[in-house]
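Subject: Handover of a structure, with notes

Dear colleague,

I am passing on the structure below, and my notes on it follow directly after. Please read them with the model open beside you.

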Amino acid sequence: MLIFESLKKNIQYVFKKLYSKGKLSPSDIENGLRELRITLLEADVNYKIVKELISRVSEEAKKQNVVESLTPAEQIITILYKELKNILGESPIINIKHNEKNLIMLVGLQGNGKTTTAAKLAKFFKEKGEFPLLIPFDFKRPAAREQLITLAKTNQLEVFEEKINAPIPALKKALSYMDRRQINVGIIDTAGRKEIDVETMTELKRVSDTFSMNEILLVADSTIGQSSLKIAEGFEKYIDLTGGIFTKYDSSAKGGSILSFRYVTGKPVKFIGTGEKVSDLEIFHPDRIVSRILGRGDLATLAEKAEKAISQEESKNLIKKIKNNTFDMNDYKKQIEAIKKMGGFSTILSSMPVMQGINFEAMSEGNLLKKIEAIINGMTKEERANPDIIDGSRKRRIAKGSGTHVSDVNKLLKQFSQMSRMMKGMNKTKAMNMAKNLGINNRFH
Ligand SMILES: Nc1nc2c(ncn2[C@@H]2O[C@H](COP(=O)(O)OP(=O)(O)OP(=O)(O)O)[C@@H](O)[C@H]2O)c(=O)[nH]1
Ligand SMILES: [Mg+2]
């Protein structure tokens, strides 16, 4: 079973019961919230968060029928969705500058996954076009160094191999090595510790006081639950963490600590480790987590948001365009902007006819949307209105301008033409259904 799986199941169970009732009585709401509370606590979500969440949801739920188009249960899930997202915050910013020297230090308890994560980060940055260097930083355990060096070599990652026996001189050397080799991201794999002890923590503090760090990330094992929050607090007494990385996201851990991390520590979760391979690292996107936990039940929320995102006039135009088959890349771009405002979840995106035919599984949706947008931005107005004129040299220009490849441009054009074909075959009912999916049906009957 995957992380959050039981939380998801239980929340969906609670809402299924609520959905089955058309109108909710005060006692229905009360019972629903009680079950929700137990579910969250069982998933190891910090009790303070649970308390706050439940009281906010309860308050909002009392003001029922604020949004007439939603049923009471839908309204509750909408509120929960909003509040959970509030707690988790926006997608994180990774503080790395391409034209500067950057240092990322990984800290954490023994065996939580620092070394593995260091290699994963190096690969991640390398793929982003940066030049990373892995820096072993365990001065007591030679095997720790060896582990990182081996990991680096088997994955064609650059590693600082010179053996120096004290932290400050070692990092100075590594920095000048970075200068010489024009490397811009140093990733420091510090020694694991059994506990937060004064001696090794003071040493860590000395290092972080001496060198300016772009990121100091706590690497925490998802399976250790809430104690990761205490560990973070322990580290914070000495050094300023900039965020957390949760490893073993592929486990069956309850995951509540991941949901609680930002609320309790004030620092965002920036990455999650999703397996043992060096490629198993993902940026932590709160949106995706919340939508995964709440499942497709939050379609109503999205419809509501879509309603806001797409103005009434635009919606009318969209329907007209679909019907007249004049929907072009400019409209496509507008749709993408609207979807971005909604948060962009693959489940929802793929349920929208406009987006069908695109393989959302293959790419993370954040990247995908950015890519699509960049490509469309790279087109001239004329090209957007009439994609057929985009020949080989135009494709090359667009790819270059958008930082993508000609194959990406081709893919987008192909998808667009498939979509256009599909729309052509769409009758009035289908167009209405599509509008319905976008939450704009009521106005067009
Ligand atoms: N399944 C899974 N295993 C992981 C993940 N990250 C790390 N591991 C495993 O966790 C174990 C410990 O990882 P290390 O990277 O050596 O941990 P460390 O924090 O560097 O350990 P010390 O240096 O001894 O403190 C290894 O067996 C890794 O393969 C992950 O995201 N998923
Ligand atoms: Mg290690």
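In helix α10, the buried residues are Gly256, Ser257, Ile258, Leu259, Ser260, Phe261, Arg262 and Thr265, where a residue is called buried if 20 or more other C-beta atoms lie within 10 Å of its own, exposed if 12 or fewer, and partly exposed in between, with C-beta atoms placed from the backbone. Helices (H or I, at least four residues) and strands (E, at least two) are DSSP runs, numbered from the N terminus. Since α10 covers residues 256–265 and eight of its ten residues are buried, this helix is largely enclosed by the rest of the structure. The elements that cover the buried residues of α10 include α3, α4 (72–88), α9 (227–236), β5 (243–247) and β6 (269–273), and contact here means that the C-beta atoms of two residues, placed from the backbone, lie within 7 Å. After α10 comes Gly266, which has a positive phi near 80 degrees.

Before going further, a word on provenance and numbering. This is a predicted model, in which local features need pLDDT of at least 70 and side-chain atom pairs count only at pLDDT 80 or more, while totals for chains, interfaces and linings use all residues. Residues are numbered from 1 along each chain as its sequence is written, and chains are lettered from A and ligands numbered from 1 in the order in which they are written.

As for the whole, the protein chain has 20 helices and seven strands, and 41% of its 445 residues count as buried. Of the contacts in the chain between residues at least 6 apart in sequence, 75% join residues at least 24 apart.

Helix α1 (residues 5–19) packs with α11 at an angle of about 55 degrees, with the axes 7 Å apart; the axes are lines fitted to C-alpha atoms, for helices over the stretch in contact, and angles run from 0 to 180 degrees between N-to-C directions. That makes α1 oblique to α11, given that angles under 35 degrees count as roughly parallel, over 145 as roughly antiparallel, 65 to 115 as roughly perpendicular and the rest as oblique. In this contact Leu7, Lys8 and Ile11 of α1 meet Arg292, Ile293 and Leu294 of α11, and the residues involved divide into four nonpolar, no polar and two charged. For these classes, Ala, Val, Leu, Ile, Met, Phe, Trp, Tyr, Cys and Pro count as nonpolar, Asp, Glu, Lys and Arg as charged, and the others, Gly among them, as polar.

The other helix pair in my notes is α2 (residues 26–42) with α3 (residues 47–62), which pack at an angle of about 160 degrees with their axes 10 Å apart, and which are therefore roughly antiparallel to each other. On the α2 side Ile29, Leu33, Leu36, Arg37, Leu40 and Leu41 take part, and they meet Tyr47, Val50, Leu53, Ile54, Val57, Ser58 and Ala61 of α3. By class, the residues of this contact are eleven nonpolar, one polar and one charged. Arg34 also lies in α2, and with 12 C-beta neighbours inside 10 Å it counts as exposed.

Two loop residues other than glycine have a positive phi. Asp44, in the loop between α2 and α3, has a phi near 75 degrees and is partly exposed, with 18 other C-beta atoms within 10 Å. Lys248, in the loop between β5 and α10, has a phi near 60 degrees and counts as buried, with 22 C-beta neighbours inside 10 Å.

Finally, ligand 1 is surrounded by 19 residues, of which the closest are Gly113, Thr115, Thr116, Gly192 and Gly273; a residue belongs here if its C-beta atom, placed from the backbone, lies within 6 Å of the ligand. Helix α5 (residues 114–127) supplies the largest share of this shell, three residues, and by class the shell has two nonpolar, twelve polar and five charged residues.

With best wishes
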